[in-house]
Amino acid sequence: MRQLDDEAVVLRSYPLGEADRILVFLTANHGKVRAVAKGVRRAKSKFGGRLEISNRVHVNLYRGAKELGVVQQADLLDGHPTIRTDLDRLTGAMAVLEVTDQLAQNDLPDPRLYQMLVGCLESYDDPSMVPTLIGPAFFFKALVADGMGPEIEVCARCGNAGPLVAFALLEGGLLCDGCRRGRSVSIDAVHLLQRMLGGHLRSVLHEPDSLAGSEVAALAAEAIEGALDRRLKTLRSTTNF
Amino acid sequence: MYPGPLRNLIDEFARLPGIGPKNAARLAFFLLRTPRDEAERLSSAIREMKERTTFCPICCSVAEGGQLCPICADDRRDPSVICVVQDPRDLMVVERSGSFAGRYHVLHGGLSPLEGIGPEQLKIAELEARVQDGVVTEVILCTNPNVEGDTTALYLSRLLRPKVAKVTKIAAGVPVGGDLEYADEMTLGRALEGRRDLEA
Ligand SMILES: [Zn+2]
Ligand SMILES: [Zn+2]
C-alpha cells in the first residue's frame, strides 16, 4: 500500500525536529497508522490547525517502504470546538484518546472502535451532555467490545439476583453480599451502571453530576486500567484539576 | 567501528532534539577537522552556560548567576500585569513584538495529560504565589495555540480566577496548530491587543 486515503481521528502528536510532528491516527478502515506531518508547527503551515489531537480529519498519506508515512493532505471534518474550550471535556477526551491508542493495533482495521471513538468525541463536543460519564461509558463499552464486559445484572460469581453490593472486574463484574470482594458499590451506582450499559446511555448523559456518577466513573477507570494492565497517564495527571 | 571518543561525541549529539544519527556524525566529523581552539570554544560555551545560567527567582525565566532576570530587575515594567508563557523563547517573541510593558512568568512547558505532565511538573505553584498579595490585577495567558496550550490556559484560568481580577487569553490570530515561536511580531502584537476574558 503506497497511498492511504481514509477518515481518521488524531490520537497522539509528538514534536519531531525543527517544525515537524509525528502523528498517530486511528483510521476508519486501516487501523492505527503513524505518519509525519512536515512543517506543521510553522505559523504558515499548509495544515493549519487541522492535525490537532482529537480532530477528525480526512487524510491522504504516502507510505513508502518505511512504517512511518508522510501526511500529504488533511481536510478537517470535525474540530470539536466545545471540547477545546472546556477543561473537563478536554481532559475527558484525552483519557479516551489514551485508551484508544492502547486498544488499537497498527494497520489492523477496527471500524467498531473507530465508530465508538467518533461517537464519544461527538458527545464530549455536545454542550447539552454532562461530560463526567462520557469517558467511563466509553471504557465499559470498549471492554464489552473486547469480550471483557462486566456482568451487571446478577452476581458474577453465583448468579444470585442480588442485592449487588460490590464490583471486581477479575471476578467478572458486580457481586452479591455473599461473594463480596473488590470495591463496595452503592445501590444507586448499581442502578446507574445498569441504565448506562442497558440502553439508556443518552438519557444518563443528560443528567446532572451525582455521587453515584462519581462511583461509576471510578469503577470504569479501575476496570479499564485493570484490563489494559497499566495506569492511565491522563487520569493520574489530571486528578487535581 | 569509530574510535571510542568519536563515537561518544556522536552519541551525545544524537541525543539532542531534532538531530538524527546521520547529522550527529556530520557534526562530530566537522569538529574533528576544526582547529583545537575553535572546538574548545564550543565546549567552554557549554560549560559556562551550565555554570552561570540560572532561573529567575521571580518569573522562572532564564537569568545569570542567581540574579533577577533583566525584566524583573527593571522597575519601569508594570508589576500589575503578568504575561504567562510556556517557554523562555516565547517570552522573547512577545518582547520582540514591543506591545507588552508588564512582567512575565515562564511555565517551562504545557500541561499534557497524554504525556502524564500535570501541574506539579510546571512552574505553576510559583505563579500562584506571585498573585497572592493583590498587586497583580491581570494575568494574560499566552500559551501555544494547540491542545496542550489550551489545556494549560483553561487550567490556569480555573486556578487563578478566584485570585486575580482579570484572566485573559491572547486572541486567535496566532495560527492554530503552529508554535508560538514561529508567530511573527505583528500578528502577536495584534493577538495581545485583542486578548479577551477567559471563561471556564
Ligand atoms: Zn454471589
Ligand atoms: Zn524574572
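Of the contacts in chain B with a separation of 6 or more, 56% are accounted for by residues 24 or more positions apart; two residues are in contact if their C-beta atoms, placed from the backbone, lie within 7 Å. The model is predicted, and local features need pLDDT of at least 70, side-chain atom pairs count only at pLDDT 80 or more, and totals for chains, interfaces and linings use all residues. Residues are numbered from 1 along each chain as its sequence is written, while chains are lettered from A and ligands numbered from 1 in the order in which they are written.

The C-alpha trace of chain B spans about 60 × 35 × 35 Å along its principal axes. Chain B has 200 residues, of which 34% count as buried. A residue is buried if 20 or more other C-beta atoms lie within 10 Å of its own, exposed if 12 or fewer, and partly exposed in between, with C-beta atoms placed from the backbone. Seven helices and seven strands are found in chain B, and from the N terminus on they run α-α-α-β-β-β-α-β-α-β-α-β-α-β. Helices (H or I, at least four residues) and strands (E, at least two) are DSSP runs, numbered from the N terminus. The domain assignment of chain B gives domain 1 (4–49) and domain 2 (77–197), and the C-alpha centres of these two domains of chain B lie 35 Å apart. Domain bounds come from an automatic or database domain assignment.

Five strands of chain B form an open sheet with the order 4-3-5-6-7 and mixed pairing. Strand 4 (102–106) and strand 7 (196–197) of chain B stand at the edges with a single partner strand each, so one side of each is left without a neighbour in the sheet. Two strands pair if DSSP finds at least two bridges between them. Strand 6 (residues 166–169) of chain B pairs with strand 7 of chain B over two bridges in the antiparallel sense, and B:Lys169 stands opposite B:Arg196 in strand 7. Helix 4 of chain B packs on the sheet and touches strand 3 (78–85) and strand 4 of chain B, its direction making about 125° with that of strand 3. Helix 6 (residues 147–160) of chain B also packs on the sheet, where it touches strand 3, strand 5 (138–141) and strand 6 of chain B; the direction of helix 6 makes about 170° with that of strand 5. Axes are lines fitted to C-alpha atoms, for helices over the stretch in contact, and angles run from 0 to 180 degrees between N-to-C directions.

The axes of helix 4 (residues 88–97) and helix 7 (residues 185–193) of chain B come within 8 Å and cross at roughly 85°. Helix 4 of chain B is therefore roughly perpendicular to helix 7 of chain B; angles under 35 degrees count as roughly parallel, over 145 as roughly antiparallel, 65 to 115 as roughly perpendicular and the rest as oblique. In this contact, B:Val93, B:Val94, B:Arg96 and B:Ser97 of helix 4 meet B:Glu185, B:Leu188, B:Gly189 and B:Leu192 of helix 7. The residues of the contact divide into four nonpolar, two polar and two charged. Ala, Val, Leu, Ile, Met, Phe, Trp, Tyr, Cys and Pro count as nonpolar, Asp, Glu, Lys and Arg as charged, and the others, Gly among them, as polar.

B:Gly65 lies in the loop between strand 2 (62–64) and strand 3 of chain B. B:Gly65 counts as exposed because it has 8 C-beta neighbours inside 10 Å. Apart from neighbours within four places in sequence, B:Gly65 is in contact with B:Arg52 and B:Thr54.

Between the chains, 24 residues of chain B are in contact with 30 residues of chain A. The side of chain B that touches chain A has 12 nonpolar, seven polar and five charged residues.

Chain A is divided into domain 1 (3–78) and domain 2 (83–237), whose C-alpha centres lie 29 Å apart. In chain A, 14 residues of domain 1 are in contact with 17 residues of domain 2. On the domain 1 side of this contact, strand 1 of chain A gives the largest share, three residues. An open sheet of three strands in chain A has the order 7-6-8 with antiparallel pairing.
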